[in-house]
Amino acid sequence: MKNLNYGVIGNCRSAALVSETGAIEWLCLPQFNSSSVFATLLDPEKGGSFSIVPKKLIKVTQSYLPRTNILNTRFQCEDGIFEVQDFMPRYNNPENGGGYYLPPDVIRYFHWVEGKPEFTINYQPKLEYAKFETKNFVESGYIKSQTSKGTYDSLYLYSSFSYQDILDRKPIILEKDEFCLFSYNQKILPQNTRRAYLKLERTKVYWLNWAERTTSYKLYNEEIIRSALTLKMLSFDKSGAILAALTTSLPETIGEERNWDYRFCWIRDASMVVRIMTSLGHYRMAKRYLSFIINILPEKDEKMQIMYGINGEKRLIESELPHLSGYEGSVPVRIGNAAYKQKQNDIYGILLDVIHQQLEIYDVSLEYTEELWTIVRNIMKVVETNWQKPDRGIWEIRSENRHFTFSKVLCWVAVDRATKIAKQLQRSFYIGQWSRLRDKIHDDIYKKAWSEKKQAFTQAYGSEDLDASVLLMESYGFIPATEQKFVSTVLAIQQDLEQDGLMFRYRNRDDFGVPKSAFTICSFWLANALYRIGRKEEAVSKFNHLISCSNHLGLFSEDLDFETRRMLGNFPQAYSHLALIETAITISEEKLSNEEILKDAINERKGRI
């Protein structure tokens with residue numbers, strides 16, 4: 001059984017997955033949504049990878065350099081010890097007008113520790129999703145890899161090792177620091193070990209400074225920092241878009257077809273990320289995201305989609321790659337995502353919540369205030385017209401529209417935040433009209449979403465099914481945590497959807513049958529909601545257990561197997577990490593009156609460190 005024991009390296013242009021044995025098994029260049037260069041993740045035979053094979057290996061250990069996105073893999077061998085520090089360069093570039101240097105490059109810095117360790121390098125790029133053969137050959141100063149037919153693509157490898165030894169997989173003996181650098185572009189300046197080390201140190205400084213600007217908390221601080229660093233890697237520097245995940249087609253359940261491409265910017269997911277990153281003090285990320293929103297909605301009649309390409313693309317045509325065998329045989333492998341055509345009414349509330357948050361922070365001095373106010377008014381026109389209509393909901397049910405409770409609640413959030421923004425900007429004309437609509441939606445939800453039988457707000461109007469998304473009613477301000485109907489809802493959802501300490505998002509049948517895996521974000525939502533309603537000891541215990549379900553580097557995917565705790569779904573998942581941060585903040589911000597809760601949290605954290 002394979003687990004997602006990968007580290008992630010990235011520079012906000014693209015990112016790579018590095019296995020626990022130091023093999024690069026997923027990378028798209030020159031940017032996140034490009035075709036793959038290495039894709040062993042999706043086909044161990046055809047996909048391609050960059051692995052290091054020691055001759056006399058004893059053990060491999062792996063960790064991030066503290067508070068950075070530089071991954072250190074340590075190889076302890078009978079004949080010596082060496083480390084490989086993997087990273088994608090990112091640092092301030094004064095020569096570029098104060099911007100960032102973030103090339104489509106990966107550097108593998110080989111740090112000699114002791115002895116004369118011997119290994120071979122297995123360098124097998126497979127360009128363009130490995131559709132056709134990739135040919136490798138030595139040219140003057142590098143190895144060039146290029147497609148043999150189909151779409152032309154190429155890759156360049158620079159190294160202090162012998163190029164022919166790399167291609168022939170001949171034994172290499174490490175006696176000093178060396179490097180490999182592969183790039184989508186041909187390099188202009190000579191590449192050497194000294195230059196690679198300089199890029200390593202500059203990148204380290206960048207990430208250390210970024211982490212230092214992150215708000216500190218008395219509990220779970222290292223877990224918060226790791227999740228924040230991961231969310232930062234999911235942001236696309238060029239446009240301000242934020243990805244849902246780095247991968248495509250990692251299945252929610254092994255052998256089934258719930259396999260989707262997540263390398264896009266969902267308005268809901270991204271807005272949730274921005275909301276939490278702002279609370280951690282990373283305001284630039286939020287401002288760039290709002291700029292992205294403004295750029296994709298240039299006209300007043302522009303209809304907002306639920307998701308976009310990371311460059312603002314609006315057509316995300318879904319297709320399949322039948323030549324790839326899939327993650328552990330789970331097919332199809334998909335690129336693109338047909339969900340971009342769906343209607344999901346919850347996106348408006350989540351986006352307006354972020355806009356309101358930013359205007360509160362910056363008062364009315366935010367650079368884009370007038371553009372944002374135009375977007376607020378246009379969204380309100382859409383909400384006024386559509387809030388009573390069914391949609392596909394947060395979980396993107398493909399087969400039918402329903403009156404999902406979460407969508408209704410977020411329509412209420414949209415109107416509530418728009419009303420507050422209007423007050424803030426002194427636009428009195430809109431306040432009364434929007435306040436009345438807010439009250440109308442609120443009453444409608446109380447009347448139609450509540451089930452006397454379940455003693456809970458249900459998944460949809462007229463339904464007795466429960467849904468974990470309803471746990472967010474309180475955190476978005478729709479209902480107080482102390483109100484009995486919310487307390488009852490939380491407990492009913494827990495009783496119905498929790499299994500072996502983890503949560504289904506829902507249990508009812510959907511387009512692909514009955515769900516079988518736990519949705520990681522929902523398990524965090526439950527812990528957060530339990531803490532809010534006063535069941536603090538239980539909430540902390542659940543949260544500590546969830547943290548222990550991460551991989552060896554503290555990273556989470558979308559789903560977890562109930563029985564084995566194996567990670568499933570796309571990876572790393574923005575949803576999972578933002579929910580971890582939010583729950584950690586909830587627990588850490590309150591003064592814990594129960595000393596045993598505090599002791600439990602601290603001991604759990606010490607155990608993981």
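A salt bridge is taken here as a side-chain nitrogen of Lys or Arg within 4 Å of a carboxyl oxygen of Asp or Glu. All views show a predicted model, in which local features need pLDDT of at least 70, side-chain atom pairs count only at pLDDT 80 or more, and totals for chains, interfaces and linings use all residues. Residues are numbered from 1 along each chain as its sequence is written, and side-chain values use heavy atoms, with hydrogens and water left out.

**View A. Salt bridge between E582 and R275.** E582 belongs to helix α14 (residues 574-589) and R275 to helix α5 (residues 267-279), so the pair ties together parts that are 307 residues apart in sequence. Helices are DSSP runs of H or I with at least four residues, strands are runs of E with at least two, and both are numbered from the N terminus. E582 and R275 are both buried (buried: under 20% relative accessible area; exposed: over 50%; partly exposed: in between; 1.4 Å probe, protein chains only).

**View B. Salt bridge between D416 and R417.** The N to O distance is 2.6 Å, and both residues are buried. Shared partners link R275, D353, D416, R417, K420, R438 and E582 into one salt-bridge network.

**View C. Salt bridge between K116 and E175.** The closest N and O atoms are 3.7 Å apart. K116 lies in the loop between β11 (105-115) and β12 (118-124), and E175 in the loop between β16 (172-173) and β17 (178-183), so the pair ties together parts that are 59 residues apart in sequence. K116 has 51% relative accessibility and therefore counts as exposed.

**View D. Packing of helices α8 and α9.** Helix α8 (residues 369-386) packs with α9 at an angle of about 145°, and the axes are 10 Å apart (axes: lines fitted to C-alpha atoms, for helices over the stretch in contact; angles: from 0 to 180 degrees between N-to-C directions). W373, V376, M380 and V383 of α8 meet C411, A414, V415, A418, I421 and A422 of α9.

**View E. Surroundings of Y289 in the largest nonpolar core.** This core has 215 residues, and Y289 is among those that touch the most other members (nonpolar core: buried Ala, Val, Leu, Ile, Met, Phe, Trp, Tyr and Cys residues joined through side-chain atoms within 4.5 Å). Apart from neighbours within four places in sequence, Y289 is in contact (heavy atoms within 4.5 Å) with G240, I242, C265, I267, A270, S271, V274 and L351.
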